Amino acid sequence: MSSALRALLGPSSAPEPGTWQQLARLVRLPNLLIMGLCLVLVRACLLLPAAPWRQVLAPSFGLLVLAALSVGAAGYIINDYYDVKIDAINRPGRLVVGRVVNRRHAMLAHVLLSGLGVVVSGALSPLLGLVNLGSALLLWGYSVRFKRVALVGNISIATLTAALVLLPELQIRTGTSAVWAYALAAFLLTTVREIVKDVEDMRGDAQHDCRTLPIVWGVARTKWVVSFFLGCLGLLLLGASYNAVVSNRSLLATWLLGLVLAPLVGLGYKLRRADRKRDFTHLSAWCKWIMLAGVLSMMVISK
């Protein structure tokens, strides 16, 4: 076992089967990979569509990706740090902090990764440093307090997701309008998923005095809030699809209608009928697939 892994687990920890998988789960490795893919596609397909890959993958952009993913990983760690008791109820089989990783070392990893992200992005530009500093502070506030307040935590995470989409534009300032549309779509879909996750986690949240939307308003009224954000996203997609048709980008229009809007309509239908925890778990996963389809649509935006 490497010295870095031993330091994270603690000096008395022995390697267990699947330790690396547990650490990957702690930092949500699949989510980090999607975040990295999103940053690359924004820069390559929206901001610099005609540029060679040498320019797209410039060292300064690589540092930006490193900074963003460091802050993201730190956010996942601190969230698990403060959610040990809640996760022991909602997701007992996926508990990492306190079982695989020592709590003190988890906090240290959070501080180091957040610091790395802020320092690296600040070296690139003061604006990027401020954005990542704000993101790190918002992630900490979310974990400590915001996630327990109705809608505040949901909007916080949605704002951070939109900010991630905008980071490449904030670095090179191209003035491309499409990136703002993608950021708005990311904001709306993330809000939907975060509220759905709150319904999924009601049992554990209620036992620890969380005041999430489904606990305060009930599941039925929470569904109407989700439907509002779904409707806004649907209108945005219809507008984008119409614009793609008018500008003779038939592949993009087909992608948006068939792989993003159609599943979104299906999500709305399933939402109406959902009444059990496993239903909302399924809806949460569905949101992730829709988000991935939306991210990949950047590849055909110029075709």
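The legends below accompany close-up views of side-chain contacts in a predicted model.

**View 1. A salt bridge between D80 and R28.** Among the four salt bridges that the structure holds, one joins D80 to R28, with the closest N and O atoms 2.9 Å apart. Because D80 belongs to helix 5 (residues 59-82) while R28 sits in the loop between helix 2 (19-26) and helix 3 (29-47), the pair ties together parts that are 52 residues apart in sequence. D80 has a relative accessibility of 8% and therefore counts as buried.

View 2. E194 counts as buried, since its relative accessibility is 7%.

**View 3. A network of salt bridges that links D275, R276 and D279.**

**View 4. A nonpolar surface patch made by L63, L66 and L116.** The three leucine side chains make a patch of about 220 Å². One of them, L116, is found in helix 7 (residues 103-124), and with a relative accessible area of 34% L116 is partly exposed.

**View 5. The aromatic pair of Y81 and Y82, with R103 over the face of Y81.** The count of aromatic pairs comes to two. In the pair shown here, the ring centres of Y81 and Y82 are 5.1 Å apart and the planes stand at 85°, an angle over the 60 degrees required, so the pair is edge-to-face. Y81 is buried, with a relative accessible area of 17%, whereas Y82, at 32% relative accessibility, counts as partly exposed. R103 lies over the face of Y81, at 4.2 Å from the ring centre.

**View 6. The aromatic pair of F228 and F229.** F228 and F229 form an edge-to-face pair, with 5.4 Å from centre to centre and 75° between the planes. The two residues fall into separate classes of accessibility: F228, at 53% relative accessibility, counts as exposed, while F229, at 10%, counts as buried.

Conventions: Residues are numbered from 1 along each chain as its sequence is written. This is a predicted model: local features need pLDDT of at least 70, side-chain atom pairs count only at pLDDT 80 or more; totals for chains, interfaces and linings use all residues. Side-chain values use heavy atoms; hydrogens and water are left out. Helices (H or I, at least four residues) and strands (E, at least two) are DSSP runs, numbered from the N terminus. Buried means under 20% relative accessible area, exposed over 50%, partly exposed in between (1.4 Å probe, protein chains only). Patches are made of residues with over 30% relative accessible area and no salt bridge: like charges are joined within 9 Å, nonpolar side chains (Val, Leu, Ile, Met, Phe, Trp, Tyr) within 5 Å. Accessible areas come from the Shrake-Rupley method with a 1.4 Å probe; for residues, only the protein chains shown count as cover. Rings of Phe, Tyr and Trp (its six-membered ring) pair if their centres lie within 6.5 Å; planes under 30 degrees apart count as stacked, over 60 as edge-to-face and the rest as tilted. A charge sits over a ring if NZ of Lys or CZ of Arg is within 6 Å of the ring centre and within 35 degrees of the ring normal.
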